[in-house]
Amino acid sequence: MATPAAYQIEPLEARQKKYAHCIEELRKVLKNPEKQLVLDHKKLLRFGIDESPLDPVAPAAAVLPSTIEEAAAVVKLCASLRVPMTPSGARTGLEGGAIPFAGGVVIDTVNLKRMDFDVENACVWVGAGVKKLALNRECTKRGFLFGPDPASNPSVGGMVSTSGSGMSTLRYGTTRENVISLKVVTPAGDVLQTRQVVRKSSAGLELTQLYIGSEGTLGIICEVCFRLFPLTKYTAQ
């Protein structure tokens with residue numbers, strides 16, 4: 001049976017030519033391409049590995065957007081050129097989800113570090129590149145606790161995209177139960193907020209739950225609104 005054209009692997013020469021063109025266009029999209037665009041092969045290897053036993057695969061390039069708008073511009077460009085994209089965070093996963101097997105471009109969320117607390121409503125908007133321990137430190141300063149507690153120190157984006165959980169799940173729920181809303185860059189490069197940050201909303205489709213656990217297949221999670229818990233006075237040792 002003939003393989004459909006959409007699934008055929010392009011010849012190496014054609015891919016290299018397309019990637020070279022994409023890299024030149026990425027330089028125009030990024031605010032600071034010297035720091036946000038990684039092309040050195042040795043450095044690229046660290047973007048092609050996670051905690052799984054699988055061998056690393058170096059992408060053609062790694063991009064480190066600093067804003068959600070910049071991430072959207074990168075995705076829109078890659079989509080228009082049909083260049084494969086792999087979202088990446090702290091790369092603490094055990095299943096190889098961060099390895100760019102198709103090559104192309106890795107979009108690393110490490111620079112998305114927004115933290116905007118709403119103390120009155122006990123919630124916080126967090127950039128996908130913020131790590132769990134850093135978020136908890138900031139929560140503690142404000143008298144709050146972030147409930148989910150995966151064993152590693154994953155990025156927020158990774159926690160949500162895999163619906164991570166941990167030892168505190170029985171008390172506070174998994175990551176899924178603690179997400180109020182998301183800001184996502186779709187595969188077409190559009191920015192989508194999945195719902196309004198209100199106590200209850202019945203308007204429209206429940207897109208928040210659709211994206212949680214989707215592991216980057218439906219878009220790149222760039223910002224997350226989490227609910228927070230009051231910091232407990234006593235803890236067991």
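Helix α1 (residues 12–29) and helix α4 (residues 68–81) meet in this predicted model, with axes that come within 10 Å and cross at roughly 155°. Anything over 145° counts as roughly antiparallel, so that is how α1 and α4 sit relative to each other. The crossing of α1 past α4 is right-handed.

Who does the touching? From α1, the contact residues are Lys18, His21, Cys22, Glu25, Leu26 and Val29; from α4, they are Glu70, Ala73, Val74, Leu77, Cys78 and Leu81. Sorted by class, this contact has 8 nonpolar, 1 polar and 3 charged residues.

Now for the sheet. Its 5 strands form an open sheet with antiparallel pairing, in the order β5-β6-β10-β8-β9. The edges belong to β5 (115–118) and β9 (191–193); each has a single partner strand, so one side of each has no neighbour in the sheet. On average, neighbouring strands are turned by 15° against each other, ignoring direction.

Asp118 stands opposite Cys123 of β6.

Two helices lie against these strands, α4 across one set and α5 on another:

| Helix | Strands involved | Angle |
|---|---|---|
| α4 | β8 (179–185), β9, β10 (220–227) | about 45° to β8 |
| α5 (residues 132–141) | β5, β6, β10 | about 35° with β5 |

Strand β10 turns up in both rows: α4 lies across it, and α5 touches it.

Conventions. Residues numbered from 1 in each chain as written. Predicted model: local features only at pLDDT ≥ 70, side-chain atom pairs only at ≥ 80, totals over all residues. Heavy atoms only, no water. Axes fitted to C-alpha atoms, helices over the stretch in contact; angles between N-to-C directions. Helix = DSSP H or I, 4+ residues; strand = E, 2+ residues; numbered from the N terminus. Parallel < 35°, antiparallel > 145°, perpendicular 65-115°, else oblique. Left-handed = near helix turned anticlockwise from the far one by under 90°. Contact = heavy atoms within 4.5 Å. Nonpolar A, V, L, I, M, F, W, Y, C, P; charged D, E, K, R; others polar. Pairing = 2+ DSSP bridges.
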